[in-house]
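The following questions and answers concern a structure and its interfaces. Please read them beside the sequence and the coordinates.

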Amino acid sequence: MASVVIYGAMFVVPGDPASLLVGGSKPNPEALAAIRRQFHLDEPFWQSYLRWLGGAVRGDFGTSLVYRSPVADLIAARALTTLLLVAYAAIVIIVAGVGLGLLAGWKERRAGAVITVATTVMMGAPTFVMAVVFVAVFATGLGWFPVFGAGSGLADRLWHLTLPAFALAFSWIAYVAQMTRASVREELRSEHVDTARGRGVPERSILRRHVLRNASGPILTVSGLTVAGLFAGTAVAEQAFGINGVGALLVQSAAKQDLAIVQAISLVLVVAFVMVNMLVDVANALLDPRATRRTAG
Amino acid sequence: MSALLSIDRLRVELPAKKGSRTVIHDVSLDVRAGEAVALVGESGSGKSMTTRAVMRLLPEGARLSGEIRFDGVSIPGMDRRALRRWRATRVGMVFQDPRAHINPVRRIGDFLMEGVRLDGRLSAGQARERVSRLMRAVGVADVDRRLSQYPHELSGGLLQRVMIAAALATEPDLLLADEPTTALDVTTQEEVVAIIDGLRRERGLAMLFITHDLDLAAAVCDRIAVMYAGSIVEERPAGALTPDASHPYTRGLLAARPEIGRREPRLRTIEGRPISAFEVGDGCAFATRCPMVRDLCRRERPAPVHVTGGRVACHFAGEAEPQAVVGDGAAR
């Protein structure tokens, strides 16, 4: 379904990719026709859609109009950088978000209000704003991190990706923190926590065994949604920091109306989103004995 | 003999939207070692809140005055470590709703062992051995399988047995049972009460038993304290409550019980609406419903007076005729 929307949307946007590609104000009709044939732009919608989807399943996304090379190769060359960026940001989000949320929920009086205010402000700061701020402070100002590029070798790459990852993670940290705080608060108020307190279980064990364990379902779900959403967020972060990744490729291709690339990346993003959510569902089922038992027997 | 648990003029206020609400006005109660005391009252009379105050499980921001002593040591005065030790070793609590009070995502075995292993003196094997013995003692068959199951796989009655086993596993001196049978069906209730009663006598445990069922209280307890709107209005030995009851509220409760073998055209009730503790004015809490109310009752709150075998808080205790206290319900 999503693939139909992705493919169809490309035909609805104004502008003719073929004439854009040929360039000049008066395109040669014969050249146009040749390009249309080459990229199957002259076929009826369903026929070309099925051809595209069939290729996509086999890993063949066609040929880029702009780069004149296979789309799959273009994406594969950039995939590692983007995956690294997403993984980095995901770790930052989960560690910082769950940590802050836990602290806010547990030490409601001392830390709760401060963290709530801070995260509310953080939520309102989009990636492109944080990118500008981070570059100004940590790259050009303090000179701790490079302004752009992806680097080479793992350590150098991570160093290069630190600012983009934090810019990407920034508002999501707040989101995960607030959700974590809410579910930790709820669990702390639950009756079985009273039971544990009444039995003299130390507060730390209560937090680990009875609060975090029970709150892990909603926290995991929110974290999963967030990470899945990061794939789309890389477009902004990579563009802002001049990283040659899949996200930046998407932005550039969209600007140049490079149909094949935009379609391919959009499809990959949707698949990644669905996969992450599926993994979260599976993990949730494993965490909650009530869910696993139901499916098992 | 000095009391194991001694509650002296307990008063509890909870924070409310505006200021605070008093949920317990005046509760004084002693539980001696090995003795079972029932705290009886209707919903909202403050009986559960009293046990929560004893366990120090009151909601955040609650204000407590008066004194609660266990073996001479003040419970409100304990620091965190002492409180934890006391809870882990000296007292066991059985809650009303086992399904809500046992962590749903952990195994029955984990729940039972958690308490036993807290002081670190028992090995995992010894703990398991003790827990298994207790599970058999509370009438659970097929213990090994039960220990590896999750709470949602057990019935309510079985879960309440697990809770009782958990409360007894640390070999406490005092058992607090907060309506342990209210959430269960009637036949299961009888079994669970029999288990609690049997194990308590066998181990010489003291018990504070919270219930709204007078007959049940009389059956398993040595003494009965009746609570109304945040105060104890009367306290009597269990056997002497029916003949000696002198507080109009206690008499009303006694008269309102349906009796087996007698057909009642309409169940008798106490006139009026039960009030909450925070609604109580300067006078007697029961003044709004009392059939023998006089001016004094509305002006001044009666202090508990010692009478033969017990205490009663009424200006005119013993004056009323029981029949005069109850309406036939038709007035509603």
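Q: How many residues of domain 1 of chain B are in contact with residues of domain 2 of chain B?
A: This is a predicted model in which local features need pLDDT of at least 70 and side-chain atom pairs count only at pLDDT 80 or more, while totals for chains, interfaces and linings use all residues. Residues are numbered from 1 along each chain as its sequence is written, chains are lettered from A and ligands numbered from 1 in the order in which they are written, and side-chain values use heavy atoms, with hydrogens and water left out. Domain 1 of chain B covers 3-90 + 172-325 and domain 2 covers 97-171, with bounds from an automatic or database domain assignment. Contact means heavy atoms within 4.5 Å, and domain 2 contributes 14 residues, meeting from domain 1 a total of 16 residues.

Q: What area is buried between domain 1 of chain B and domain 2 of chain B?
A: The C-alpha centres of these two domains of chain B lie 29 Å apart. Buried area is the accessible area (1.4 Å probe) that two parts lose on being put together, summed over both. Carbon and sulfur atoms give 70% of the area between the two domains of chain B, which is about 1400 Å².

Q: Which residue forms a salt bridge with Glu191(B)?
A: A salt bridge is a side-chain nitrogen of Lys or Arg within 4 Å of a carboxyl oxygen of Asp or Glu. The rule finds one across the interface of domain 1 and domain 2 of chain B. With the closest N and O atoms 2.5 Å apart, the partner of Glu191(B) is Arg161(B).

Q: Which element gives the largest share of the side of domain 1 of chain B that touches domain 2 of chain B?
A: Helices (H or I, at least four residues) and strands (E, at least two) are DSSP runs, numbered from the N terminus. Two elements of chain B give two or more residues to this side, helix H2 (80-89) and helix H8 (186-203). The largest share, seven residues, comes from H8(B).

Q: What area is buried between chain A and chain B?
A: Here 21 residues of chain A are in contact with 27 residues of chain B. Carbon and sulfur atoms give 53% of the buried area between the chains, which is about 2300 Å².

Q: How many salt bridges are counted between chain A and chain B?
A: Side chains of opposite charge can pair when their charged atoms come close. Asp194(A) and Arg52(B) meet in a salt bridge at 2.8 Å, N to O. Between chain A and chain B the count is three salt bridges.

Q: Which helix supplies the largest share of the side of chain A that touches chain B?
A: Helix H9 (191-198), helix H10 (203-241) and helix H13 (289-296) of chain A each supply at least two residues of this side. The largest share, six residues, comes from H9(A).

Q: Over which residues of chain A is the pLDDT below 50?
A: Where pLDDT is low, the predicted coordinates should not be read in detail. The stretch in question has four contacts in the model beyond near neighbours in sequence, and its pLDDT is below 50 over residues 293-297 of chain A.

Technical notes
pLDDT is the predictor's confidence in each residue, from 0 to 100.
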